[in-house]
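The following note sets out comments for a colleague on the model shown below. Please read the points in order.

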Amino acid sequence: MRLSFVVAALAFAGGACQEAPAAPPKPAAPAPARPKSKDVAAEDYVMPTLPRAHVRLKDAYGGVHRVEVEVAATAESRTRGLMWRKSLASGQGMLFLFPEEEVRGFWMRNTLIPLDMLFITSEGRVVGIIENAEPRTLTNRSVGIPSQYVLEVPGGWCQKNGIVRGGTAEFEGVSTIPITP
């Protein structure tokens, strides 16, 4: 009879004899980190954050279009460019700064989106435009005229905004960015 009294008391107490809850499961060990690629053309390469600036372009009708740009002023950032980007918003781009003026050629290896390329002299004159450069190609694209700067914007942007050869470009926030060979 005492045994039934103890069982009844335990039942009445709300099951105070229940098992203690199990310890939470241990989290899985994180996968070992893959070493970062040192190849600037590799998809998994992590590019340092680039400086930002603006380019003001005068169109064929006298209007001005302001483009927000990432500035590629080092050999590493100029080589990487816009590789592996899946999109580029209208009004944005990348400005490539070179130490001196010379004939430039660009290719679209590992570039996933079409781009317009504007070749600009040290005086700010647009000496040529390559429109809608085909992605993922190794075709050398050049205008055959020396330039010190190249601006890449989304493909079709120049035609849509009336930007033509012979126009002018002004840079905002670029003069303090060091250019390395």
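Which residue in β5 does F119 stand opposite? F119 stands opposite G128 in β5.

1. Basis of the note. This is a predicted model, in which local features need pLDDT of at least 70 and side-chain atom pairs count only at pLDDT 80 or more, while totals for chains, interfaces and linings use all residues. Residues are numbered from 1 along each chain as its sequence is written, and side-chain values use heavy atoms, with hydrogens and water left out.

2. The sheet. An open sheet is formed by 7 strands in the order β5-β4-β6-β3-β2-β1-β7, with mixed pairing. Strands are DSSP runs (E, at least two residues), as are helices (H or I, at least four), numbered from the N terminus; two strands pair if DSSP finds at least two bridges between them. At the edges are β5 (126–133) and β7 (169–172), each of which pairs on one side only. From one strand to the next the twist averages 30° (axes are lines fitted to C-alpha atoms, and angles run from 0 to 180 degrees between N-to-C directions).

3. Strand β4. All 6 of the 6 residues of β4 (residues 115–120) are buried, meaning under 20% relative accessible area, with exposed over 50% and partly exposed in between (1.4 Å probe, protein chains only). In a regular strand the side chains alternate between the two faces of the sheet. Here L115, M117 and F119 point one way from β4, and D116, L118 and I120 the other way.

4. Neighbours of β4 and β6. The antiparallel pairing of β4 with β5 has 5 bridges; these two strands form a hairpin with 5 residues between them, and G124 in the turn has a positive phi of about 90°. β4 also pairs with β6 in the antiparallel sense, over 6 bridges, and M117 has E152 as its bridge partner in β6. Strand β6 (residues 146–154) is in turn antiparallel to β3 (residues 92–103), over 6 bridges, with Y149 in β6 as the bridge partner of L97.

5. Salt bridges. The whole structure contains 6 salt bridges, each defined as a side-chain nitrogen of Lys or Arg within 4 Å of a carboxyl oxygen of Asp or Glu. R56 and E172 meet in one of them (3.6 Å, N to O). Because R56 lies in strand β1 (residues 52–58) and E172 in strand β7, the pair ties together parts that are 116 residues apart in sequence. R56 is partly exposed at 30% relative accessibility, and E172 is partly exposed at 25%. A network of salt bridges links R56, R66, E170 and E172.

6. Further pairs. R85 and E70 form a salt bridge with the closest N and O atoms 2.8 Å apart. R85 is in the loop between α2 and β3 and E70 in strand β2 (residues 64–72), so this pair ties together parts 15 residues apart in sequence. R85 is partly exposed at 27%, whereas E70 is buried at 13%. In the salt bridge of E102 with R104 the closest N and O atoms are 3.6 Å apart; E102 is partly exposed at 37% and R104 is buried at 9%.

7. The largest pocket. Its volume is about 270 Å³. Of its 16 lining residues, R78, T79, F96, F106 and W107 are the closest to its centre. A pocket is an open set of points on a 1 Å grid over the protein atoms alone, where a 1.4 Å probe fits, with protein on both sides within 12 Å along at least five of seven lines; lining residues have an atom within 4 Å of a point. The volume is the space filled by probe spheres set on the points. α2 (75–80) and β3 each supply at least two lining residues, and α2 gives the most, with 4.
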